[in-house]
Amino acid sequence: MSTYRTATATGRILALLLLMGWMAPAGSQEAQIRLGTPISEEQLSALDLIAAPDGSGMPPGAGTARQGREVYELNCLRCHNVNGEGVSGNTVIAGGDMQSEESPLRTVGSYWPHASTLFDFIRRAMPADIPKSLTDEEVYQVTAYVLFLNGIVGEDQSINSETLTAIVMPNGNGFVDQSHLH
Amino acid sequence: MKELQWEKVAGNGLLNRRHLLQLGLTGLGAAGAGAVFGQDAGSVLQVPEWSRMPGASASAYGEPSRFAGNFQRMAGTPDPIYPGGGSSRSPLQFLQGTITPNALHFERHHAGIPDIDPAEHMLVINGLVRQPLVFSYENLLKYQMVSRINFLECSGNSGALLRGGNADGTAQSLHGLLSCAEWTGIPLSVLLDEAGVLPEARWVAAVGADAASMGRSVPIDKALDDILVALYQNGEPIQPGQGYPVRLFCPGWEGNISVKWLTQLKLMREPAQFRDETSKYTDTMPDRSSLQFTFPMGVKSLITSPSGQMSLPRPGIYQVTGVAWSGRGAIRRVEVSADGGATWADAMMQSEPMDKALARFTIPWEWSGGPAVLQSRATDSAGNVQPIRDEVLAARGTISFYHNNCIQSWGVDDAGAISNVYV
């Protein structure tokens, strides 16, 4: 009977598929297709903006606070105001003291544990209305200026990948990692 | 008619649900005095107008009944110094069941919603892998997918309650950074396996394609466990506000780590220490140390009805209902109090609680017309019990506001008006 033959044929195909692993439960490795296209880190160099505390991802370049003042005044002043004083709570980026009597003002200088975060965040997200519009050189310069406003570096200290990641931030030991609690 | 004997299960009017079920409509009807459907008692009910003419044709994309209430998310006022930043909150007090409709799922954006053409979107895996890879959206759609129902809660949800002061709000305004959906996508472990994770990789830095390129670092054990590279939400492609075309979804963890518009996964030895895992989403304790990488959202519940800024029209029986959830398992128990925590009664779960998903509870309550304080307290499958506000404040102080899972108290006054209270 043709019906019988069809059923048998279907059965053979199913058995074959099972042998090949195509019908294995979701998540098993044999069942997965592999459709990622190989790419090199060099091809990703403009897309990968992660600048980490160990210096990985930091581009070549350098800048000083003295150079950064001009970049800051052109690009940052509207929201972060003179000397990083800000125009509202979240835009204050200088000053503060974690040990203050009242609730502490948390800024780059008083709160942020890593200097690399400043470079990373400015490069990926600032200025808020035209993010990624600064050159790497300008990001180093304005990073130096914000650190200078917080009394962390001198006005003519050159900030580059090495000197930035060597900085110990005032609140660098202020964080307790909870990532193991899950 | 036989006089009704309510079985009280806790103080100030909480009732035994089994007893109430036996009473049936007679019991509930007794609470609502007045005519039925505007007709005089004893009149003959008529076939309604809409049963006498054809209705509208089938529609391309559905929308709620014009009589069902115009439920909306509550969005903050745009801030010119924070373009695109902000959030919108789910109208929890009007929703039932446990699934949030896609158009009402809460949102939190750090630089607005990007308008992404999926044909040009890329998902990259690089860093400590044998072979960096790039995936197109078209190819991601070809992978085997899994579906999971999970809640998503912003870690800043309910934060205003820790600050105290005047927090007279609704369930939506105080707690609406909470939603629950069915998420469908590719296990992250599958894509990581394809790239070949090197043994020294301990963290995965995830980055979005929004204007902020918002990034978060995820520990490798979670990445290889239950995280999804999600493409669908409640059956349809993820909406732009939720990360179209592709987002990370980390079940049970603070919402921000489920990075939207996912474009990069970088395997690293240490966390990337992004702005949004150092300066933000960290909690400063009374001793001025700050907790970082607080991932699972604590066991929590909330009465959604009756709730803040609602009003009880008259004394009688009401169904108290709400939602409960935990980032560390399923909800095992929800208790409700009507006397500010002096006495408690077990609520009924409306459906079988699931791991890291919203569960809905309900319990009948007879309001006497006097003052009451309604609270709910959840316990999860790991044995965690939702704390009262004073416990959270004693442990954590008032400097930070993330990760607040304290019991919500709704005060009911003599006139039936309901508001957030601190007890």
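Predicted model: local features only at pLDDT ≥ 70, side-chain atom pairs only at ≥ 80, totals over all residues.
Strand β6(B) and strand β15 (residues 262–268) of chain B pair in the parallel sense over four bridges. Strand β6 (residues 122–127) also pairs with strand β7 (residues 133–136) of chain B, here in the antiparallel sense, again over four bridges. Val124(B) stands opposite Val134(B) in β7(B). Leu123(B) stands opposite Phe135(B) in β7(B). A hairpin of five residues joins β6(B) to β7(B). Five of the six residues of β6(B) are buried, so the strand is largely enclosed by the rest of the structure.

These strands belong to an open sheet of six, in the order β1(A)-β7(B)-β6(B)-β15(B)-β10(B)-β11(B). The pairing in this sheet is mixed. At its edges stand β1 (37–38) of chain A and β11 (215–219) of chain B. Each has a single partner strand, so one side of each is left without a neighbour in the sheet. Strands of a sheet pair through backbone hydrogen bonds, either parallel or antiparallel.

A further strand pairing links the chains. β4(A) and strand β17 (residues 290–292) of chain B pair in the parallel sense over three bridges. Asp177(A) has Gln292(B) in β17(B) as its bridge partner.

The contact between the chains takes 50 residues from chain A and 50 residues from chain B. On the side of chain A that touches chain B, β1, α4 (116–125) and β4 (175–177) each supply at least two residues. Helix α4(A) gives the most, with six residues. The side of chain A that touches chain B divides into 25 nonpolar, 17 polar and eight charged residues.

Helix α4(A) is itself buried along its length: 10 of its 10 residues are buried, so the helix is largely enclosed by the rest of the structure. Among these buried residues are Leu118(A), Phe119(A), Phe121(A) and Ile122(A). Charged side chains are also on the list, including Asp120(A), Arg123(A) and Arg124(A). What covers the buried residues of α4(A) includes α5 and α6 (161–166) of chain A.

Chain A has six helices and four strands. From the N terminus on, its elements run α-β-β-α-α-α-α-β-α-β. Buried residues make up 33% of the 182 residues in chain A. Among contacts in chain A between residues at least 6 apart in sequence, 58% join residues at least 24 apart.

Within chain A, helix α2 (residues 65–75) packs against α5(A). The two axes come within 7 Å and cross at roughly 100°. The helices are therefore roughly perpendicular to each other. From α2(A), the contact is made by Ala65(A), Gln67(A), Gly68(A), Arg69(A), Val71(A) and Tyr72(A). From α5(A), the contributors are Glu138(A), Gln141(A), Val142(A), Ala144(A), Tyr145(A) and Phe148(A). The residues of this contact divide into seven nonpolar, three polar and two charged.

Leaving aside its neighbours within four places in sequence, Val142(A) is in contact with Gly68(A), Val71(A), Tyr72(A), Cys76(A), Ile122(A) and Leu134(A). Of these partners, Gly68(A), Val71(A) and Tyr72(A) are also among the α2(A) residues that contact α5(A). Ile122(A) is one of the buried residues of α4(A).

Chain B holds another open sheet. Five strands form it in the order β21-β20-β24-β25-β26, and the pairing is antiparallel. β21 (345–346) and β26 (418–420) of chain B stand at the edges, each with a single partner strand, so one side of each is left without a neighbour in the sheet. Strand β20 (residues 331–337) and strand β24 (residues 372–380) of chain B pair in the antiparallel sense over six bridges. In β24(B), Ser376(B) is the bridge partner of Val336(B).

Pro54(B) is exposed, because 6 other C-beta atoms lie within 10 Å, and a residue counts as exposed at 12 or fewer. Pro54(B) and Gln239(B) are 185 residues apart in sequence and 34 Å apart in space, C-alpha to C-alpha.

Notes:
Residues numbered from 1 in each chain as written. Chains lettered and ligands numbered in written order. Contact = placed C-beta atoms within 7 Å. Buried ≥ 20, exposed ≤ 12 C-beta atoms within 10 Å, placed from the backbone. Pairing = 2+ DSSP bridges. Axes fitted to C-alpha atoms, helices over the stretch in contact; angles between N-to-C directions. Parallel < 35°, antiparallel > 145°, perpendicular 65-115°, else oblique.
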